[in-house]
Amino acid sequence: PNVAITVKRLHDMGKSGWLTLIPYAGVIIGSFVMFAGGAGAFLAAAATGDASALATAGGLGAIGLGVLIMLVTSIGFLIWIGVTDSQPGTNQYGPNPKGL
């Protein structure tokens, strides 16, 4: 239902429904950054035998960056579709639901 509502909202704005994938792309990219950075830190810690290398090798920074990417894309997208007004008149997806 969330995807259908988002596509309908994007169509009201005169935008393609494919833009619904923006938050999902952010989650995928953020997850990749988290896991790649965390794996690199884990391998560095395993090579040195020092558990504190997890934090110093950038593992926590990569996790934080991954979470930041996810939050910015998801919340930014939500704010964008929430504050943008419908396209006036009729567009390629149909009439304006506000009747303007």
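User: In which segment is Ser 86 found?

Analyst: Ser 86 is found in the segment after α4. Helices here are DSSP runs (H or I, at least four residues), as strands are (E, at least two), numbered from the N terminus. This is a predicted model, in which local features need pLDDT of at least 70, side-chain atom pairs count only at pLDDT 80 or more, and totals for chains, interfaces and linings use all residues. Residues are numbered from 1 along each chain as its sequence is written, and side-chain values use heavy atoms, with hydrogens and water left out.

User: Is Ser 86 buried or exposed, and with which residues is Ser 86 in contact beyond its neighbours within four places in sequence?

Analyst: Buried means under 20% relative accessible area, exposed over 50%, and partly exposed in between, for a 1.4 Å probe and protein chains only. Ser 86 has a relative accessible area of 9%, so it is buried. Apart from neighbours within four places in sequence, Ser 86 is in contact (heavy atoms within 4.5 Å) with Arg 9, Asp 12, Met 13, Asn 96, Pro 97 and Lys 98.

User: Which side chain meets that of Asp 12 in a salt bridge?

Analyst: A salt bridge is a side-chain nitrogen of Lys or Arg within 4 Å of a carboxyl oxygen of Asp or Glu. By this rule the count is 1: the partner of Asp 12 is Lys 8, at 3.3 Å from N to O. Both residues lie in helix α1, 4 residues apart, about one turn of the helix. Asp 12 is buried because its relative accessibility is 12%, whereas Lys 8, at 46%, counts as partly exposed.

User: How is the largest pocket read, and what is its volume?

Analyst: Rolling a probe the size of a water molecule over the atoms shows where empty space is left. On a 1 Å grid over the protein atoms alone, a pocket is an open set of points where a 1.4 Å probe fits, with protein on both sides within 12 Å along at least five of seven lines; lining residues have an atom within 4 Å of a point. The largest pocket has a volume of about 170 Å³. The elements giving two or more residues to its lining are α1 (2-12), α2 (21-48) and α4 (59-83).

User: Which element gives the most to that lining?

Analyst: α1 gives the most, with 5 residues. Among the lining residues are Asn 2 and Thr 20, whose C-alpha atoms are separated by 9.8 Å although the two are 18 residues apart along the chain. Asn 2 lies in helix α1 and is exposed, with a relative accessible area of 54%.

Conventions. Grid points are joined across faces, edges and corners, and a volume is the space filled by probe spheres set on the points.
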